[in-house]
Amino acid sequence: MRFTTMRFTTMRFSVFCLSAAFAGIAAAQAPPSDFKPLRGDRFKPLTYAEMTPEQKTLTDHLLNGPRHSMDGPFNVLLRSPEMGDVAQQLGLQFRFHSSLPAKLNEFAIMLMARLWTVQFEFAAHHRLAVAAGLSPAVADAVAAGKRPTSMAPDEEAVYNFCMELVNTKQVSDATFDAVKSKFGERGVVDLIGVMGYYHMVSMLLDVDRYPLPAGAKPELKMP
């Protein structure tokens with residue numbers, strides 16, 4: 001009788017351990033509560049259960065940071081998660097800690113999205129730029145591929161710098177001094193930085209053929 005009781009207790013303990021182990025595995029595979037299905041085209045949207053530990057680390061960093069989202073280039077960057085984690089930290093600096101006013105930072109991002117005809121990126125930052133104070137007329141002109149005619153002096157300084165650097169691969173003294181006089185040398189560097197980062201983002205999205213959300217209409221016409 002004592003042997004039977006001990007065997008039953010041992011079996012029950014084993015079942016408890018197995019149940020706890022399976023519960024731990026399930027918890028480890030469960031996505032964070034704010035994880036939403038990813039989108040992509042050439043790069044298949046990954047589920048949380050498919051991700052490697054390194055990919056889950058990048059995902060957790062993104063969802064726990066100020067973005068709270070994995071929209072945009074991050075399904076692509078999961079393919080190189082260590083590089084992606086470094087890139088997203090750089091992006092955080094340019095998006096949320098730039099010395100440039102938010103309106104102008106978003107304006108510069110819009111210009112890069114227009115250059116590459118990235119529908120998702122332009123739509124997202126068009127909204128953010130207008131919310132930060134950019135004139136809708138200025139944003140609409142950029143969407144149409146035209147030079148805005150009603151820019152404020154600080155907007156014109158940023159526009160001239162971005163377009164001159166992209167189109168001629170350099171900037172004149174007058175264009176450089178216009179940005180430096182308004183935002184200092186750090187402002188010049190932060191502007192170059194955000195341009196460079198969103199060149200990379202634009203290339204990632206264009207290569208993937210990243211789709212717009214369901215029901216969204218393209219704002220940019222193809223060149």
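Which elements cover the buried residues of α5? In this predicted model, the cover includes α4 (81-96), α6 (119-131), α7 (136-143), α8 (153-168) and α9 (173-208). Let's start with that helix, then turn to the core, the pockets and a few residues in loops.

**Helix α5**

- Helix α5 runs over residues 102-116, and its end C-alpha atoms lie 21 Å apart, which agrees with the 21 Å that its 15 residues should span at 1.5 Å a residue.
- Because 12 of its 15 residues are buried, α5 is largely enclosed by the rest of the structure.
- The buried residues of α5 are K103, L104, N105, E106, F107, A108, I109, M110, L111, M112, A113 and R114.
- After α5 comes T117, a residue with a positive phi near 55°.

**The nonpolar core**

- The largest nonpolar core holds 53 residues, and M70, F107, V158, C162 and L191 have the most contacts inside it.
- Two or more residues of this core come from each of α2 (53-64), α3 (74-77), α4, α5, α6, α7, α8 and α9.
- Helix α9 provides the largest share of the core, with 11 residues.
- As background, nonpolar side chains in soluble globular proteins tend to be buried together.

**The largest pocket**

- The volume of the largest pocket is about 500 Å³.
- This pocket is lined by 23 residues, and those closest to its centre are S69, D71, R95, F120 and A124.
- At least two lining residues come from each of α4, α6 and α9, with α6 giving the most, 7 residues.
- Sorted by class, the lining of the largest pocket has 14 nonpolar, 3 polar and 6 charged residues.

**The second largest pocket**

- The second largest pocket has a volume of about 190 Å³.
- Among the 13 residues that line it, T117, V118, Q119, D206 and Y210 are the closest to its centre.
- Helices α6 and α9 each supply at least two residues of this lining.
- The classes in the lining of the second largest pocket are 9 nonpolar, 2 polar and 2 charged residues.

**Residues in loops**

- You will find T117 in the loop between α5 and α6; T117 is not a glycine, although its phi is positive, at about 55°.
- T117 has a relative accessible area of 9%, so this residue is buried.
- K169 sits in the loop between α8 and α9, and its phi is also positive, near 65°, in a residue other than glycine.
- Is K169 buried or exposed? Its relative accessibility is 65%, so K169 counts as exposed.
- L46 belongs to the loop between α1 (2-29) and α2, and with 13% relative accessibility L46 counts as buried.
- Which residues are in contact with L46, leaving aside its neighbours within four places in sequence? They are F35, L38, M51, Q55, N75, L78 and R79.

How values were computed: Residues are numbered from 1 along each chain as its sequence is written. This is a predicted model: local features need pLDDT of at least 70, side-chain atom pairs count only at pLDDT 80 or more; totals for chains, interfaces and linings use all residues. Side-chain values use heavy atoms; hydrogens and water are left out. Helices (H or I, at least four residues) and strands (E, at least two) are DSSP runs, numbered from the N terminus. The expected span of a helix is 1.5 Å times one less than its number of residues. Buried means under 20% relative accessible area, exposed over 50%, partly exposed in between (1.4 Å probe, protein chains only). Contact means heavy atoms within 4.5 Å. A nonpolar core is a set of buried Ala, Val, Leu, Ile, Met, Phe, Trp, Tyr and Cys residues joined through side-chain atoms within 4.5 Å. On a 1 Å grid over the protein atoms alone, a cavity is a set of points where a 1.4 Å probe fits but cannot get out, and a pocket is an open set with protein on both sides within 12 Å along at least five of seven lines; lining residues have an atom within 4 Å of a point. Grid points are joined across faces, edges and corners, and a volume is the space filled by probe spheres set on the points. Ala, Val, Leu, Ile, Met, Phe, Trp, Tyr, Cys and Pro count as nonpolar, Asp, Glu, Lys and Arg as charged, and the others, Gly among them, as polar.
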